[in-house]
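Below is a short briefing on one structure. Please look over the sequence and the model before reading on.

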Amino acid sequence: MKKLICVLLVFGLVLPLSAQEATTNWSLGVAGNYTAFGDGYIPKVAEYKYYKDGFFPEMKFNWNRYNGMNKIQLNGAYYNPKEMLFGGDFRLGKSVLADVSYKSFYRNTQLDLLENISARESLNREGTAPGGKILSHEIQNPNEQLGYQRQEIEANLKFLLPGDKITLRASHRTIMEDGKMQHVQNMHCASCHLVSRPLDVKNKTQSLTAGLDAALGVADLSYEVNVRKFISDAGPYSAYYDSAGHPGRGYIWTDPNTGATSNYYVEFGSRLVYHGEDVAIAAYPETNKLSHKITAKSNIGKGRLLLQYQNTTLTNDAQLADPNVTITGDLKVTANNLNGNYSTPLMENTKLILAGKYRRLENEDLSIDNPDWRDNRPGGDIDLDYIRYSSLTRTDLEGSAKVIYQPKRSYRLTALLGFNSVERDNFPIEGANFKTDKTMFELGVRYRPTGKFTGDLKYGLENIDNPFSPVDQMFEMYGRGTLMPTTGAPNVYYWQRDDLRYGNISNMPAMVHNIKATVKVQPNKKVKLDVGLNLKKGSNDTQKELDFQQTTMAPNLGLTLIPNDKVNFFANYTYVKQTQNGLAAVALMDG
Amino acid sequence: MTTKSLMLRFLLALTVFGFGIMLTSPVFATGDEKAKKIGDSECVDCHEDIAASFAQNVHKIYGDDAGFLCESCHGPGSVHAEEEDATLIFNPKRDFNSAKKSICLDCHNGSQFESAFGTAHHEAANGCSDCHTVHSTAEHLLSKPANQLCQDCHTDVKAQFMLPSHHPVEEGMMTCQDCHEVHGGDNKYAMSSDSRELCLTCHAAKEGPFVFEHDPVNEDCAICHSPHGTTANNLLSQSEPALCMSCHPMHFHTTLTAMEGTFQAPLFPNDPNRGGTTTLDGFKKGMLTKCTQCHNAIHGSDVPSQGIGSSALTR
């Protein structure tokens with residue numbers, strides 16, 4: 001249907017353009033490259049460079065035809081069989097506007113070699129040689145080219161109804177990813193063996209949007225509905241996870257003298273969710289998203305008001321089940337957003353812009369029924385079932401006021417004061433609200449006496465209370481309690497120590513200063529000089545002893561020379577230096 | 001000198017500098033109030049070069065102010081024509097005032113332009129003419145190809161696109177407008193939607209909702225990724241495992257003795273089989289390991305991992 005609409009549109013445009021006097025412009029560029037690595041090995045030399053031995057012609061073209069209010073523009077570029085883009089823009093009178101585009105490129109990922117994965121914990125029983133948890137590894141297809149072809153088709157259509165008040169619009173977008181990815185199958189706890197193999201990537205995201213814009217005089221209204229579907233056609237894949245063995249031996253041991261089998265299988269198997277069985281791996285669920293958006297704009301007083309409401313539901317409709325863990329509940333996210341802004345003259349040469357935003361996100365709770373810890377073992381039978389509360393469930397509030405003062409042509413002052421708060425429900429545990437508050441301030445000045453000189457200076461400050469932190473991950477909180485083995489258990493287990501990890505140490509800044517300065521000098525139409533400096537510093541004074549800091553320094557110098565209409569020389573030097581004095585969490589326990 | 005004191009001095013200097021400039025600044029040219037309309041033909045007499053390129057201009061094609069098209073934007077031009085003085089006519093490029101409504105928005109009041117009336121990106125530029133050459137026939141009347149135009153001002157971003165991992169903007173497969181509403185947008189950095197929402201528009205496989213989640217994915221993609229370009233793979237702001245270790249401890253097998261020298265597990269100080277053999281070499285190798293090799297479902301998963309608790313995101 002979409003193809004038919006495009007074809008009809010092209011014919012509809014060609015006819016009037018042919019019948020009347022029209023202007024046609026076109027350009028064509030042809031080049032090529034020859035690549036020879038010779039040995040057939042295709043290295044990852046760059047993220048988007050596709051290399052294959054051989055000669056590859058390249059072509060670029062642009063063709064457009066105008067006739068009054070009708071237009072066809074076609075353009076495209078072909079670089080190699082995996083990298084190309086084509087597009088067209090169409091206009092038919094005042095009523096129809098359309099565009100269609102296709103692009104395709106290859107993205108190299110990489111092969112993760114596994115040689116560096118190593119874990120050794122103990123010597124052998126005699127203490128003479130390394131033993132214990134030695135991870136072994138296997139790459140099943142080391143020469144596989146890992147990456148994916150990404151193709152995107154997009155089409156947009158606008159139709160202005162007679163009367164020029166109402167516009168109907170529709171758009172479609174499909175993104176396809178097709179290739180191979182590396183999948184490392186992790187059986188660390190069972191057999192200490194890693195297997196890497198290439199699996200297919202076959203992702204498809206389809207999005208359809210329909211909308212209506214109405215200019216009603218007193219107000220402009222628009223409504224938009226969007227449907228998005230994500231599916232993966234790869235697989236299904238499964239993998240066998242070995243039976244549990246002793247960490248020191250790595251296998252189920254049979255005493256050569258007595259023939260007795262160790263109880264390691266039971267002991268360590270009882271700590272695992274599954275072992276000695278095939279389970280599904282690398283599956284993406286099918287997700288569906290539906291959103292409605294209503295926008296209203298109107299002149300209120302001397303200013304202009306914009307209000308927007310959006311409702312979105314996102315569902316996981318093909319949740320992959322696992323027989324060992326029972327999950328109860330719907331995988332569904334609901335979002336309700338309300339945005340607004342009001343822009344009005346405050347006094348002569350002064351404008352005030354107020355903006356506000358409210359958003360409520362709710363991700364439904366799930367019940368996760370895990371196997372018991374060390375079921376039927378001494379100190380075991382511990383119920384590890386839990387309710388999964390999502391950190392996505394939250395309320396966001398945002399507001400800002402901005403004043404622009406420009407009394408004269410050459411001079412402008414801007415000031416902004418704003419806040420943003422994110423209140424997460426039940427994060428990380430039920431009832432534990434974790435709230436981040438941000439206050440923002442900005443002050444800027446522009447000096448532009450003539451078109452030949454423009455100078456800008458801007459300072460921004462962000463003050464953040466409780467920046468996001470993975471609350472229970474980083475360090476044990478000092479003095480949080482003394483651990484004792486659970487009844488009947490010989491040791492304190494590592495998951496008990498995990499429970500102590502509760503501290504809101506963050507690797508995010510609590511205060512950010514940003515200074516930006518730019519100067520543009522253009523003495524005449526043939527010469528232009530740009531000089532700029534961007535300085536940014538983030539720190540976290542609430543945890544001074546950890547000395548967290550982020551800095552960015554980016555000076556810039558640019559020169560443009562245009563000696564005539566046909567020659568344009570541009571040189572630019574930009575230096576970006578970013579540093580972070582961050583934190584690294586360390587292991588604190590024995591296994 | 002404290003940071004607060006430095007800030008106060010800076011703000012004071014900025015204010016004094018600002019008022020100093022204001023006192024010496026020229027006022028706006030808004031055209032002569034006595035002027036009358038003279039019609040396009042009079043304008044063309046002097047501005048032949050502009051008229052030539054204007055013939056196929058979209059304003060010429062769509063303009064419904066036939067015969068007086070020039071003055072529909074520039075205002076009545078009789079005094080300017082008589083005196084031949086450029087300051088006696090309104091020039092939207094020269095006389096742009098960001099405290100007032102742009103004259104372009106009188107007609108371009110559709111949804112995307114409307115938001116420009118009240119957003120930072122609009123005020124940062126010097127009006128529409130900073131990017132658009134209004135009399136030309138170029139695509140969208142842009143003075144340069146779109147990406148190049150953006151990068152003229154956002155030079156630090158331009159540099160980031162040169163880094164080994166980047167979105168394919170330099171390759172011509174993306175434009176800045178794919179993520180940014182250049183005419184406004186109600187979000188920070190003029191993004192067309194909330195940053196997380198925006199990333200997941202194209203990367204829908206990472207959105208879920210999943211049973212087992214990774215909190216930063218729920219929070220903001222920019223906690224781990226830097227969208228314009230990075231030296232680490234996959235647009236990660238740091239290489240693994242350093243990035244992961246800024247929140248999570250490395251597995252204890254590899255790091256224990258590296259921190260303290262020869263290690264004896266505290267619960268078994270006299271048992272040579274329970275410690276003492278993890279080597280510094282192990283820690284070094286650990287630093288060469290990527291966490292996502294095993295935790296490959298890092299953005300979320302519906303199926304449990306092997307260890308009890310199920311949430312290690314390994315399947």
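Residues are numbered from 1 along each chain as its sequence is written, while chains are lettered from A and ligands numbered from 1 in the order in which they are written.

**Confidence**
- The predictor assigns the complex an ipTM of 0.88 and a pTM of 0.86.
- In chain B the pLDDT is below 50 over residues 256–269, a stretch with 26 contacts beyond near neighbours in sequence; a contact needs C-beta atoms, placed from the backbone, within 7 Å.
- The pLDDT is also below 50 over residues 271–279 of chain B, with 28 such contacts.
- Where pLDDT is low, the predicted coordinates should not be read in detail.

**Sheet in chain A**
- An open, antiparallel sheet of chain A has three strands in the order E15-E18-E19; strands are DSSP runs (E, at least two residues), numbered from the N terminus, and pair if DSSP finds at least two bridges between them.
- Strands E15 (326–328) and E19 (386–388) of chain A are the edges, each with a single partner strand, so one side of each lacks a neighbour in the sheet.
- Strand E18 (residues 366–369) of chain A is joined to E19(A) by three bridges, and A:Ser367 has A:Ile387 as its bridge partner.

**Domains of chain B**
- The assignment, automatic or from a database, gives domain 1 (40–88), domain 2 (103–190) and domain 3 (208–293).
- Six residues of domain 1 of chain B contact four residues of domain 2 of chain B.

Terms used. This is a predicted model: local features need pLDDT of at least 70, side-chain atom pairs count only at pLDDT 80 or more; totals for chains, interfaces and linings use all residues. Helices (H or I, at least four residues) and strands (E, at least two) are DSSP runs, numbered from the N terminus. Two residues are in contact if their C-beta atoms, placed from the backbone, lie within 7 Å. pLDDT is the predictor's confidence in each residue, from 0 to 100.
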